[in-house]
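Welcome, and please take a moment with the structure below.

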Amino acid sequence: MKRPFSPALLSFSRGGALWTLIVLSILLPGGRAIGAERPYTHKFSIGPGDGGQLRHPKGVAIMPGTGEIVVTDTGHHSVHVFGSDGTFLRRFGSRGSGDGQLNSPVGVAVDKAGQILVADSHNHRIQVFGGDGTFLRKFGTRGSGDGQLNSPVGVAVDKAGQIIVADQGNHRIQVFDSEGAFARKFEFGDTLWNLVNCVAVNAAGDILVTRNVSHAIEVFGKDGSLLRQVALTSDGKSRFLPRTAGVTADAAGQIIVTTSNDEIQIFDADGNFTQKFGRPGSGLGEFDRPAGVAIGGSGEIIIVATRNH
């Protein structure tokens, strides 16, 4: 029998505004609730002066081994790192175009070596940092040629270390090797409907993509061939289907997606809808513009709700 989700609100306060991460338990195949041994009772806030305050957080990733939560903050043009219990640990980046500086960072990923990759959107590049925030390297320049980028908004890393980038302004996905050399691309066509929003990789190496004004998650093979589309379900109230935003996959292949109607939908590895949760609002388990989503070390779903006040 399925057990219900157990939400806990991880609250980050900035002055009068409240920005949130929500952690929930999710059932995997077989009915075992990953993270059930870890009670969801913690709630934390970060006040002025402690360095962890957020303004328009967008992306989230998890550091392997430590479970640290890595969050991009487009408002502060920086990256913040928290312990798995919400303790603020460090922050790096400042507004600018120099090495290690950021301009509206959106997507973030962490590779198996613990390197942090950031989609530095308005600088039209990917930057790579050490786990401590030390700048390591960058790749990409503004343009539409192979290996060039135009407002990248998503980044993911597969098991082989390949870097997959959601190149939003160029309406395409680009794949690079671990050092940032261009490998291949697949394109969607130059229309508003084809702006890519987010990219993720599942355990099989398939590439999951959400697109602007899209009501489905698209799953592509490593070569860019479309394998399947996973359609969102209606909330039963609106005449319109919700739009996709952030996406990730857990170890069992389940697909978790954040949507424009402030809920989270979950599908099995074959794309069959299994459950959803969340509703508009600022209370416990409520969302206002959920964006980035990641899976914690114990199977928690960690969601950045960009506009929760």
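Here is a short tour, grouped by topic.

This is a predicted model, in which local features need pLDDT of at least 70 and side-chain atom pairs count only at pLDDT 80 or more, while totals for chains, interfaces and linings use all residues. Residues are numbered from 1 along each chain as its sequence is written, and side-chain values use heavy atoms, with hydrogens and water left out.

**Salt bridges**

- Side chains of opposite charge can pair when their charged atoms come close.
- The count here is nine salt bridges, where a salt bridge is a side-chain nitrogen of Lys or Arg within 4 Å of a carboxyl oxygen of Asp or Glu.
- One of them joins the side chains of Asp120 and Arg125, at 2.8 Å from N to O. Both Asp120 and Arg125 are buried (buried means under 20% relative accessible area, exposed over 50%, and partly exposed in between, with a 1.4 Å probe and protein chains only).
- Arg137 and Glu179 form another salt bridge, at 3.8 Å from N to O. This pair links distant parts of the chain, 42 residues apart: Arg137 is in strand 12 (residues 135-139), and Glu179 is in the loop between strand 15 (172-176) and strand 16 (182-187). Strands (E, at least two residues) are DSSP runs, numbered from the N terminus.
- Within that pair, Arg137 is buried at 19% relative accessible area, whereas Glu179 is exposed at 54%.
- Lys185 and Asp146 meet in a salt bridge of 2.7 Å, N to O. Lys185 lies in strand 16 and Asp146 in the loop between strand 12 and strand 13 (152-157), so the pair ties together parts that are 39 residues apart in sequence.
- Lys185 is partly exposed, with a relative accessible area of 33%, and Asp146 is partly exposed too, at 48%.
- A network of salt bridges links Asp167, Arg172 and Glu187.

**Around Thr74**

- Thr74 sits in the loop between strand 6 (69-73) and strand 7 (78-82), and it counts as buried at 13% relative accessibility.
- The side chain of Thr74 reaches the backbone oxygen of His56 at 2.9 Å.
- Leaving aside neighbours within four places in sequence, Thr74 is in contact (heavy atoms within 4.5 Å) with residues including His56, Lys58 and Pro105.

- Four antiparallel strands make up an open sheet with the order 21-22-23-24; two strands pair if DSSP finds at least two bridges between them.
- Strand 21 (244-249) and strand 24 (273-277) stand at the edges with a single partner strand each, so one side of each is left without a neighbour in the sheet.
- Strand 22 (residues 255-259) and strand 23 (residues 264-267) pair in the antiparallel sense over four bridges. Here Ile256 stands opposite Ile266 in strand 23.

**Aromatic rings**

- There are nine aromatic pairs, counted when rings of Phe, Tyr and Trp (its six-membered ring) have centres within 6.5 Å; planes under 30 degrees apart are stacked, over 60 edge-to-face and the rest tilted.
- The rings of Phe92 and Phe129 have centres 4.8 Å apart and planes at 45°, so the pair is tilted. Phe92 lies in strand 8 (residues 88-92) and Phe129 in strand 11 (residues 125-129), so the pair ties together parts that are 37 residues apart in sequence.
- Phe92 and Phe129 are both buried, and ring pairs link Phe92, Phe129 and Phe135 into a cluster.

Technical notes: Polar contact = N/O pair within 3.5 Å; in protein donor to acceptor, adjacent residues only side chain to side chain.
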